[in-house]
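Notes below, in the order I looked things up.

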Amino acid sequence: MSEHEYEKYTEKEEAVVEGVDISGIWNRMYEPRELTGYDLTFMDKVTETPGAESMGWCYQCAQCVGVCPVDHVGSYGPRKLFRKLQTGMNLFENDDLWLCTTCMNCLRVCPKEVDMMKIMPAVREQVVLNGSLPGEIQEMLQNVSEYGNPMGESPRKRPRWTKGLENPPRDLSKEDGSDPVEVLWYVSDYFSYHQRGQDAAKALTRVLNRLGLDFGILGSQEKCDGDSQRLVGETGLFEELAQHNDEQFQKYEHDTLVVTDPHAYNAFKNHYPKITGNEYKLAHYTQYLRGRLGELKPLLTESYTKKLTFHDPCYLGRHNGEYLAPRELIEAVPGAEFIEMYRCREQSYCCGGGGGGMWLDGVTADHTQERLSENRVKEAIEIGAEVLVVCCPYEVSRFEDAVKSTDNEGKLEVLDIAEILDLCMGGE
Ligand code: SF4
Ligand code: SF4
């Protein structure tokens with residue numbers, strides 16, 4: 001840091017302005033402090049990284065900090081990052097690089113369009129290329145690269161959740177592709193492999209069956225959508241996954257590509273077309289079911305008399321503007337009372353799982369007083385909700401863990417919308 005010479009000033013011995021004598025110390029002007037005296041090596045390195053240029057546009061208005069979910073449980077936000085970079089921090093080797101969940105709340109309010117959704121992947125990509133990334137992320141990327149899912153499970157086990165179902169979805173990987181399917185369902189990793197995700201996948205299967213739909217899955221040919229891998233900077237792996245999944249989508253003629261994961265929705269809608277040149281007739285499952293509410297409502301014969309609240313997934317809400325579809329489904333639940341949390345819709349809080357956060361709990365814990373998911377379940381309990389309703393495969397497990405770690409077991413249930421609809425249709 002350079003030495004500042006705060007004593008430097010100029011003053012006029014005689015100065016009269018509009019008849020008022022301000023001679024002497026009254027007109028003293030200090031020289032500006034030399035901010036450029038700091039070492040700007042890493043600030044320059046960031047702003048010269050393609051995609052991360054907007055980091056340099058910040059003018060320190062602080063709009064972003066108040067809405068940053070990480071700042072609610074620690075100290076973070078683009079303004080703080082900018083200031084740290086300005087005073088010499090090496091973001092390429094600092095944990096701050098991994099705390100952003102790319103929730104997009106800062107971009108929503110930033111007058112200068114400082115875009116963390118571009119800055120973070122761009123800077124992380126440089127770190128990934130050098131191989132100096134957190135161990136948790138390294139392991140996850142290795143698993144996705146080798147097995148096509150972050151858990152490191154066998155691809156053959158991907159459709160195993162369908163075993164024992166009375167009417168399982170068609171496994172298109174076992175067909176020759178000559179028979180079109182109405183709904184091609186991209187199930188996603190957590191619905192395929194995680195036990196609580198599988199519960200929701202089974203519930204959605206029963207709901208789709210009751211609607212009399214023809215639907216199929218890619219089975220062992222489905223691979224991770226890659227959006228979170230893109231956001232942690234693994235662009236090459238993302239491109240490989242996009243090519244692979246797109247080949248499967250092209251192989252099986254279908255009417256609508258329905259996804260259960262908002263991250264997959266974001267990837268297929270906003271990023272795959274740039275790589276594959278193909279557009280998809282895409283719907284998140286809440287959007288698809290909302291389109292069939294007329295047929296769905298008469299099937300909801302059982303009451304569910306609980307107080308429900310809803311957590312907007314960042315990648316369905318802020319990133320893709322869908323706030324209504326899940327709410328319309330929740331409002332159709334007979335007997336339920338729906339209450340909003342304080343932070344909802346475009347101002348929704350974040351579960352902490354996006355942008356790689358799903359695999360960064362260890363790094364984040366060193367810099368925050370509590371997990372973002374813990375902060376969120378406390379809010380749901382505070383407003384008197386009995387059930388926290390979700391529609392993203394990352395969230396059931398994250399929030400259920402948070403209910404336990406905050407000693408709130410028995411006070412709040414976490415259920416996917418599909419599970420509630422299934423219950424109201426007389427499901428398990
Ligand atoms: S809102 Fe934008 S310009 Fe304002 S401090 Fe945050 S990043 Fe900087
Ligand atoms: S994207 Fe979200 S987590 Fe990242 S800095 Fe902005 S508000 Fe904070």
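This is a predicted model: local features need pLDDT of at least 70, side-chain atom pairs count only at pLDDT 80 or more; totals for chains, interfaces and linings use all residues.

**Ligand shells, then the sheet**

I started with ligand 1: α2 (63-67) and α4 (78-86) each put at least two residues into its shell. I count 15 residues around ligand 1, and the closest are Cys58, Cys61, Cys64, Arg79 and Cys110. Sorted by class, the ligand 1 shell comes out as eleven nonpolar, two polar and two charged residues.

Next I checked ligand 2. Which residues come nearest to it? They are Cys68, Cys100, Cys103, Asn105 and Cys106, out of 15 residues around ligand 2. Here α3 (69-73) and α5 (105-109) are the helices I noted, each supplying at least two shell residues.

I traced four strands in an open sheet, ordered β11-β10-β12-β13, with parallel pairing. Why do β11 (337-338) and β13 (413-416) each have one side without a neighbour in the sheet? Both stand at the edges with a single partner strand, so that side is left open.

Strand β12 (residues 387-390) runs parallel to β13, and four bridges join them. One pairing I wrote down: Val390 has Asp416 in β13 as its bridge partner.

Last, I checked what lies over the strands. Helix α15 (residues 324-331) lies across β10 (307-310), β11 and β12. I get about 175° for α15 relative to β10.

Note on methods. Residues are numbered from 1 along each chain as its sequence is written. Chains are lettered from A and ligands numbered from 1 in the order in which they are written. A residue is near a molecule or strand if its C-beta atom, placed from the backbone, lies within 6 Å of it. Two strands pair if DSSP finds at least two bridges between them. Two residues are in contact if their C-beta atoms, placed from the backbone, lie within 7 Å. Axes are lines fitted to C-alpha atoms, for helices over the stretch in contact, and angles run from 0 to 180 degrees between N-to-C directions. Ala, Val, Leu, Ile, Met, Phe, Trp, Tyr, Cys and Pro count as nonpolar, Asp, Glu, Lys and Arg as charged, and the others, Gly among them, as polar.
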